[in-house]
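Me: I have a structure to go through with you. Let's take it one question at a time.

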Amino acid sequence: MYGRFSLISRLISPALSCSYHGANERSRTGTWGVRVHQDSSGLPSLSMLSDDVLVDHIFDYLMVEDIMCLRMVNKLFYNLTHHGIIWKRFLQRIGPNAPTLPPSLRYSPRFLTSFEAERLVIRAITVHKNWILPNPPAASYLPVQAHRHILSMVVLPGGKYLVASACNLAKTHYSLVVYVLDHRICGIVPLAETPVRGKAYNLCAKYMNVEGTPSILIGYIRRKTSKMHQSANSIDPSIYNPYLNNPRCQIDPPIPLEYVATCLQISLDALDTLGNPMFVPGSQEFFDFAALQPPPFRLLGYLRSDSELRNVDLGEVNGVPNMVVAKMPETIMMKELTSDGLISTFKCAREVSLSQQEQPICNIRLLPLQGQILVVRSTNRPQLAPANPSPGGPPIIPDVMFTVAMFPTPDPGDGEAGEFNPLSIASFYGKDIEDFQISDPHVLHNHGSNFLPPPINIFYRNESGGRICHMIISPTSRESAPEGFRSTGKPHYAIANLKSNMMHRLSFKNDESRTVCRTFVIPGCLRSLFYSVPRENRSDTLSVRNFSSHLLSKQGDDAYSIMRRETLQNVLRNVPKHRENMLGQFDLPSFILDHIRDGVTAIAWDEGTGRIFYSKPRETMLHMLDMAETPLEAINGQRYPIPLEDERMLDL
């Protein structure tokens, strides 16, 4: 007992000494001149200390659980525990666990409100706790009116904005729409829209600086009929696309198509202006205000080709924004998104053992910090036909060789750079391999050299889509990295670090049997989302059986998961342990399971905030599953359900 009392005395006595000498009036009034609550009993208590001492000194020793408990003591502590300084300290301590924020003045530490800082911290904690459970539950479900039929979408890192390829229900008018996801009045709101001449595919959206302006860059590909085949009864090129990302199941168009890769810019300042909560979205005042603003979208550049274009990626190379596109079958095009618009093109040299066969590009990932492009390619190995094939037997599925290689970025403006040999390459073999997905290690904020960079995760399907294989490229250790990376602390990735991690097979129980599924992945640095559809499903409207969470390793014992978990221990007394299995099937209510099994058109996932978005066919709604819990805010900016008595605290 005495030990505990002496510890508290040592904790409080410095604060008392600086509070009492000539500061009796301040101890009564605190920072605000008039305190929300003052203990008049005359007994010694924490309430006798000034607000500054409590917030800057005493509360600095407390964890998140302590702050939440202290909040329930009385009105004084309810108000003080909402102070922005407390939550900004927590936000700094959790490092890479914090959701990424847009690089604009509105979301800079100086202008971040106490509510926004607390919401980020609570999101980071609760999504971690939910994700590592054996059966993660959804904290909430929210359907909202999107005003368009959403065909595909992507969430910007940190979950503040969503970019959607959309159309009207008749599919006669296509557009790109930018939604803000945390509007104070209406939650999810469409802020900006631009028409597109046809459906936008392969959406890619990233935060980037363009000529000093913090922006969202949006890359996409669209198809169109060539001029010589255009007529009054021309076909719609949007309906001819690979089936479920499987290059062996394409629907061939009856006429040749042209492909256009386009990059648009929208300023974050323009979005912040349109998202001003002073104007209720959808009101006449909102539309009048929006009409006075300059057009938010700006065309940065495009690439045209008669060959199929796929896999758009964006990144800043040497401080210059670039768009990288895979031109089928074996070429990579790169365009600087500047006024000069320099274009570079090179062909990927083939793997030597099968150099006589075409080796089409499956996916790419630009690594701008090291000036390289990660390229995955595949080809069928030649196979002798059986001497006596069985009539009516199953088709022979050839062995597939795929390669993972690093290629250098070409010099700007080198339009025909020729054939590039890989800087490093690894080859693998399998059967019926398809749908390579690569995570982006640069979507997270750079938190400095004190934190381990995230790995690159590569996923693909095989065995007719029934199994997911996972490969991982860990960042090179500081001691082994090249000199330029060792001194600057920038992450470096090498093919020598590539390892096969695990294979996963998903199936879901029903009343009679197990449904064999075809599984898809939305990759993340730490949290990748799996979802499965019945293997016999052959439509572009997916009957999703369920979602599953993926861990990098069993029990989270890999270096990156350990680092993230230990960083959370800076603000939590008790950090829960990871589940034993790498996959955890979601525990969703029956009405949500029925909803997604009835058909889903598009799915998007943000690993930082733990939100899943999906759209359904023949409707204009956007549905959100939230894996995290968050504090609530009223439309006037007050805390909900109990408002703060001192409203000045809202601006801190």
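Me: How many salt bridges does the structure hold?
Reply: This is a predicted model, where local features need pLDDT of at least 70, side-chain atom pairs count only at pLDDT 80 or more, and totals for chains, interfaces and linings use all residues. Residues are numbered from 1 along each chain as its sequence is written, and side-chain values use heavy atoms, with hydrogens and water left out. A salt bridge is a side-chain nitrogen of Lys or Arg within 4 Å of a carboxyl oxygen of Asp or Glu. The count is 23.

Me: Which residue forms a salt bridge with Arg 123?
Reply: Arg 123 sits in helix H7 (residues 114-131), and its partner is in strand S32 (residues 621-626), 503 residues apart. Helices (H or I, at least four residues) and strands (E, at least two) are DSSP runs, numbered from the N terminus. The closest N and O atoms are 2.6 Å apart, and the partner is Asp 626.

Me: Are Arg 123 and Asp 626 buried or exposed?
Reply: Buried means under 20% relative accessible area, exposed over 50%, partly exposed in between (1.4 Å probe, protein chains only). By that cut-off, Arg 123 and Asp 626 are both buried.

Me: How many residues apart in sequence are the parts that Lys 206 and Asp 313 tie together?
Reply: Lys 206 and Asp 313 form a salt bridge, with the closest N and O atoms 2.8 Å apart. Both residues are buried. Lys 206 is in strand S6 (residues 201-210) and Asp 313 in strand S12 (residues 309-317), so the distance in sequence is 107 residues.

Me: Where does Glu 211 lie?
Reply: Its side chain meets that of Arg 298 in a salt bridge (3.9 Å, N to O). Arg 298 is partly exposed at 38% relative accessible area, while Glu 211 is exposed at 62%. Arg 298 lies in strand S11 (residues 297-305), so the pair ties together parts 87 residues apart in sequence, with Glu 211 in the loop between S6 and strand S7 (213-225).

Me: What is the order of the open sheet of four strands?
Reply: Two strands pair if DSSP finds at least two bridges between them. The edge strands, each pairing on one side only, are S2 (149-155) and S5 (187-196). Pairing is antiparallel, and the order is S2-S3-S4-S5.

Me: Which residue in S5 is the bridge partner of Tyr 174?
Reply: Strand S4 (residues 174-183) pairs with S5 in the antiparallel sense over eight bridges. For Tyr 174, the bridge partner in S5 is Val 196.
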